[in-house]
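Here is a short briefing on one chain. Look at the sequence and the model first, then work through the points by topic.

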Amino acid sequence: MDRNGSFPANIADVSSKRDDALAGVTVIVCSSCRDETGSDARPRAGALLAEDTRSAASGQDIRIRTVECLGNCKRRLSAALLRDGCWSYVFGDLETTSGADLVAGAKLFATSTDGLIPWRGRPDSLKRGLVARIPPLDLLKDRP
């Protein structure tokens, strides 16, 4: 946390390099998301979610990154899960304490053989909070 009470937007977890599969997953948390009241208080609820996610991922090789805005403001606290060559996921309606759910989702994603996060075993917040699933570019085919 910096002097004005917010978490820098470019902090990534120090990874432990223990699990190669997890190394391919990145969790992106919107650090500018506000809480349900729309408060401008610092740190913002999104920054608190990012910190909770970093804590939940401690000692695991999961990259946690933040961005200033994911553009999902109507669904408030938002995050995305990315894995190279796989579908990407955007979630909303999260809580400041949803870090463990994001890490659990990242683990499921890391071990997926088809590049999708399996529904079974997915935390409820990642089931009901799904906003979008975006295909990898190489999966898209242009129609003649």
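Ring pairs link Tyr89, Phe91 and Phe109 into a cluster. Rings of Phe, Tyr and Trp (its six-membered ring) pair if their centres lie within 6.5 Å; planes under 30 degrees apart count as stacked, over 60 as edge-to-face and the rest as tilted. The model is predicted: local features need pLDDT of at least 70, side-chain atom pairs count only at pLDDT 80 or more, and totals for chains, interfaces and linings use all residues. Residues are numbered from 1 along each chain as its sequence is written, and side-chain values use heavy atoms, with hydrogens and water left out.

**Aromatic cluster**

- A search of the whole structure finds two aromatic pairs.
- Tyr89 and Phe91 are stacked, at 6.1 Å centre to centre with 5° between the planes.
- Tyr89 also pairs with Phe109: the centres are 5.6 Å apart and the planes stand at 85°, so this pair is edge-to-face.
- Helices (H or I, at least four residues) and strands (E, at least two) are DSSP runs, numbered from the N terminus.
- Tyr89 is buried at 1% relative accessibility. Phe91 is buried at 0%, and Phe109 is buried at 0%. Buried means under 20% relative accessible area, exposed over 50%, partly exposed in between (1.4 Å probe, protein chains only).

**Charges over rings**

- The charged end of Arg83 sits over the ring of Phe109, 5.8 Å from the ring centre.
- The charged end of Arg133 sits over the ring of Trp87, 4.1 Å from the ring centre.
- The criterion is NZ of Lys or CZ of Arg within 6 Å of the ring centre and within 35 degrees of the ring normal.

- Strand S1 (residues 25-30) is mostly covered, with six of its six residues buried.
- Val25, Val27 and Val29 point one way from S1; Thr26, Ile28 and Cys30 point the other way.
- Five bridges join S1 to strand S3 (residues 79-83), and the two run antiparallel. Strands pair if DSSP finds at least two bridges between them.
- Five bridges also join S1 to strand S2 (residues 63-67), here in parallel.
- Which residue of S3 is the bridge partner of Ile28? The partner is Ala80. In S2, Ile28 stands opposite Arg65.
- From S1 the chain crosses through helix H2 (residues 45-56) to S2, a right-handed β-α-β crossover. Right-handed means that, with the strands pointing away from the viewer, the path from the first strand over the helix to the second runs clockwise.

- Ser88 lies in strand S4 and counts as buried at 17% relative accessibility.
- Not counting residues up to four places away in sequence, Ser88 touches Leu81, Leu82, Ala132, Arg133 and Ile134. Contact means heavy atoms within 4.5 Å.
- Pro135 is found in the segment after strand S5 (130-134). Pro135 is partly exposed, at 25%.
- Pro135 is in contact with Trp87 and Leu140, leaving aside neighbours within four places in sequence.

**Backbone points to check**

- A cis peptide bond joins Arg42 and Pro43, with omega about -5°. Pro43 lies in the loop between S1 and H2.
- Arg76 is not a glycine, yet has a positive phi of about 40°. Arg76 sits in the loop between S2 and S3 and counts as buried at 19% relative accessibility.
- Asp93 also has a positive phi, near 60°. Asp93 is in the loop between S4 and H3 and is partly exposed at 34% relative accessibility.

**Whole chain**

- The secondary structure comes to four helices and five strands. From the N terminus, the order is α-β-α-β-β-β-α-α-β.
- Buried residues make up 42% of the 144 residues.
- Among contacts between residues at least 6 apart in sequence, 70% join residues at least 24 apart.
- The chain exposes about 8100 Å², and carbon and sulfur atoms supply 50% of that area. Accessible areas come from the Shrake-Rupley method with a 1.4 Å probe; for residues, only the protein chains shown count as cover.
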